[in-house]
Amino acid sequence: MKIDVLGCGSAFSRWQNTSALSVTEGHHQWLIDCGPTIPRALWQRGGDINDIDAIFFTHVHPDHCSGLTALLNYWKSFSRHKPLLIYSQPEQRSVLMQLAGLANWPATSLSFVIEWRDSTACWDWHHWRIQTAATQHEMANLAIRIDIGQESLFYSGDGRPTSESVALMAGSQLAFQECASLTALAHDASHGDFPGCLALFQQQALPRLGLYHCNDAILPALKQACLPYPGLFVSEDGLQYDISQQQFFHIEYPL
Ligand SMILES: [Zn+2]
């Protein structure tokens, strides 16, 4: 399983793309979230218009979904033909359908079919096992775990860990947790914080935990705070990780 960090920024980051990952295994590829700067991150990578099989949305705050319009418009403009699966919470689907409707407005169809699917607690896609769990966020947000054979990835989306999301994270080989603050936030807060992430990393004995969706201003101090803990790191745009090789790569995409 290969993970490509398309973006790891907070909603209004000046330096980083909005938070999203792509997950590739063989010829299968998923996109997790699609904020406003993610279409350009994909164009920089130069993949084929038919590469992505499915998009999973953790929730529909604009920094996680508003790039959908531009991405669908691009695929339509270059005549994508492969059907696209879009997984979301059913009560949030109408937002995504509006974004998709704008992709080729006023025409109503694209060059490919969108198959809308409910995100449930657990399902299989080909030989991938997908599981979700709610985090604590101002809008309902689903963390996702993908298991392929012995390889596993956890991605929190937005929000503070819950007992359900921590249980889903347990045992994953690579985990990403939203971490908005260097200092502890209130227990009823909508976001994760460094003391909580450090406790999770240690209590769960996670091999690798990437912090992301951090406010720009805390990034230097957060990187320093992670240094004493091998495996705990601040995620970066362009970071790629091959779980089978247990190796990180960092890719720069020239303009
Ligand atoms: Zn959010």
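Student: Let's start with Thr-69: is it buried or exposed, and what is its relative accessible area?

Tutor: Happy to start there, and bear in mind that this is a predicted model. Thr-69 is found in helix 3, which spans residues 68–77. Buried means under 20% relative accessible area. Thr-69 is therefore buried, with a relative accessible area of 14%.

Student: Which residues is Thr-69 in contact with, leaving aside its neighbours within four places in sequence?

Tutor: Helix 3, residues 68–77, is the place to look, as Thr-69 is found there. Leaving aside neighbours within four places in sequence, the contacts of Thr-69 are Leu-99, Leu-102 and Ala-103.

Student: Now helix 4: within what arc do its buried residues fall?

Tutor: The buried residues of helix 4 (residues 93–102) are Arg-93, Leu-96, Leu-99 and Ala-100. Seen down the axis of helix 4, they line one face of the helix, because they fall within an arc of 120°.

Student: And which exposed residues does the face turned away from the buried side of helix 4 carry?

Tutor: On the buried side, helix 4 packs against helix 2, helix 3, strand 5 (84–88) and strand 6 (114–118) through its buried residues. The face turned away from that side carries the exposed residues Gln-98 and Leu-102.

Student: How about helix 7: what arc do its buried residues cover around the axis?

Tutor: In helix 7 (residues 219–226), the buried residues are Leu-219, Leu-222 and Cys-226. These residues pack against helix 6 (194–203), strand 12 (209–212) and strand 13 (232–234), while Pro-220 and Gln-224 are exposed on the other side of helix 7.

Student: Turning to the metal, which residues are the protein donors of the zinc ion?

Tutor: In sequence the donor residues follow the spacing H-x1-H-x75-H-x20-D. The donor atoms lie 2.1 to 2.2 Å from the zinc ion. With their atoms, the donors are His-59 (NE2), His-61 (ND1), His-137 (NE2) and Asp-158 (OD).

Student: What is the geometry of the zinc site, given angles of 88 to 161° among its four donor atoms?

Tutor: Ideal angles at a metal are 109.5 degrees for four tetrahedral donors. Four donors count as tetrahedral only if all angles lie between 85 and 135 degrees. Here the angles among the four donor atoms run from 88 to 161°. The site of the zinc ion is classed as irregular.

Student: How many residues apart are His-61 and His-137?

Tutor: His-61 is in the loop between strand 4 (54–56) and helix 2 (62–65), and His-137 is in the loop between strand 8 (128–134) and strand 9. His-61 and His-137 are both buried. The pair links distant parts of the chain, with a separation of 76 residues.

Student: How many disulfides does a search of the whole structure find?

Tutor: The sulfur of Cys-34 is too far for a bond, because the closest cysteine sulfur, in Cys-65, is 8.6 Å away. Cys-197 is in no disulfide either; the nearest cysteine sulfur, that of Cys-179, is 4.1 Å away. A disulfide needs sulfur atoms within 2.5 Å. The number found in the whole structure is zero.

Student: Last one: what distance separates the C-alpha atoms of Tyr-155 and Glu-178?

Tutor: Tyr-155 lies in strand 10 (residues 151–155) and is buried, with a relative accessible area of 1%. Its contacts beyond four places in sequence include Ser-19, Ile-32, Thr-58 and Phe-176. Along the chain, Tyr-155 and Glu-178 are 23 residues apart. Their C-alpha atoms are separated by 8.4 Å.

Technical notes: Residues are numbered from 1 along each chain as its sequence is written. This is a predicted model: local features need pLDDT of at least 70, side-chain atom pairs count only at pLDDT 80 or more; totals for chains, interfaces and linings use all residues. Side-chain values use heavy atoms; hydrogens and water are left out. Donors are N, O and S atoms within 2.8 Å of the metal (3.2 Å for Na, K and Ca); water is not among the atoms, so sites may look incomplete. Four donors count as tetrahedral if all angles lie between 85 and 135 degrees; four count as square planar and six as octahedral if opposite donors are over 155 degrees apart and all others between 65 and 115; anything else is irregular. Helices (H or I, at least four residues) and strands (E, at least two) are DSSP runs, numbered from the N terminus. Buried means under 20% relative accessible area, exposed over 50%, partly exposed in between (1.4 Å probe, protein chains only). Contact means heavy atoms within 4.5 Å. The arc is that of the directions from the helix axis to the C-beta atoms.
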